[in-house]
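Here is a short report on a sheet, a helix and some backbone details. The sequence and structure come before the text.

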Amino acid sequence: MLIHISEDSDLMGRAAALYCEKIMRETLKANGRARILLSTGASQFDFFTHFVKAELEWDKVEMFHLDEYVQLSEDHPASFRKYLKERFLQPTGVHKYWLVDGEKDVHEKLQRLNEEIAKYPVDLALIGIGENAHIAFNDPPADFHTKEPYKIVDLDDACKQQQVREGWFKSIDEVPKQAITMTVHQILQSKQIVSCVPHQVKAKAIRQTLQSSVTPEVPSTILKTHPHWRLYLDKESSAEMIAWP
């Protein structure tokens with residue numbers, strides 16, 4: 001594990017983007033292709049702003065993403081498909097991608113997604129950490145054992161409240177009750193994991209992640225078991241790390 005702390009979120013995003021560009025460039029040179037796994041949410045804004053400017057062979061990149069709400073239209077402001085099309089796919093021109101689609105024929109789409117992600121390892125995974133320490137939509141207590149790549153989960157109230165506070169929904173009643181998420185096991189199969197976690201609202205989750213033993217009650221603690229995990233923070237999100245050894 002390596003922890004990188006920047007003065008603010010923009011500098012954090014720039015630092016993480018530069019590192020990810022390096023990993024992608026090395027992977028493309030070695031293999032002629034690269035698989036990337038992306039997370040979404042307000043915490044990733046600055047990372048995407050810088051990362052999409054990287055001069056990479058984007059036509060050789062294949063993209064997956066972590067999660068999506070069940071039965072939420074792509075036109076909804078909270079749709080992660082909409083988010084990634086606007087913030088990543090359109091700016092980069094990546095044309096090979098697998099979007100998590102929770103509308104209609106959900107189980108059929110889930111099966112296809114599981115088949116595709118299993119074909120090759122993910123080279124680089126961007127894994128955010130939620131206010132309740134979730135990774136993807138694996139809320140506490142998270143399932144650390146399921147081997148299937150993606151599954152349907154029920155969202156807890158803490159997760160829903162975060163979505164409302166970030167402005168994606170007007171009230172908790174508007175947040176879908178379920179989502180499709182990549183499982184913890186599948187996340188850990190990624191060769192490299194980078195977590196961008198800025199802002200004061202994430203300070204408690206970062207403290208819990210670093211100070212707690214690996215436990216499903218703090219899902220993000222599992223990232224500490226990965227041999228190549230880098231955690232990017234800003235001054236605000238690192239504020240409660242004082243007592244961390």
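Helices (H or I, at least four residues) and strands (E, at least two) are DSSP runs, numbered from the N terminus. The model is predicted: local features need pLDDT of at least 70, side-chain atom pairs count only at pLDDT 80 or more, and totals for chains, interfaces and linings use all residues. Residues are numbered from 1 along each chain as its sequence is written, and side-chain values use heavy atoms, without hydrogens and water.

**Sheet**

Seven strands form an open sheet with parallel pairing, in the order β1-β10-β9-β6-β2-β3-β5. Its edge strands, β1 (2-6) and β5 (96-98), each pair on one side only. From one strand to the next, the twist averages 15°. Two strands pair if DSSP finds at least two bridges between them. Parallel strands β9 (residues 192-197) and β10 (residues 229-234) are joined by five bridges. I193 has W229 in β10 as its bridge partner.

**Helix across the sheet**

Helix α3 (residues 80-92) lies across β2 (34-38), β3 (61-65) and β5 and runs at about 150° to β3. Contact means heavy atoms within 4.5 Å. Axes are lines fitted to C-alpha atoms, for helices over the stretch in contact; angles run from 0 to 180 degrees between N-to-C directions.

**Backbone details**

The P140 to P141 peptide bond is cis, with omega near -10°. P141 sits in the loop between β6 (124-126) and β7 (150-154).

Two non-glycine residues have positive phi:

| Residue | Phi | Loop |
|---|---|---|
| Q71 | about 60° | between β4 (67-69) and α3 |
| K104 | about 50° | between β5 and α4 (106-117) |

K104 counts as exposed because its relative accessibility is 64%. Exposed means over 50% relative accessible area, buried under 20%, partly exposed in between (1.4 Å probe, protein chains only).
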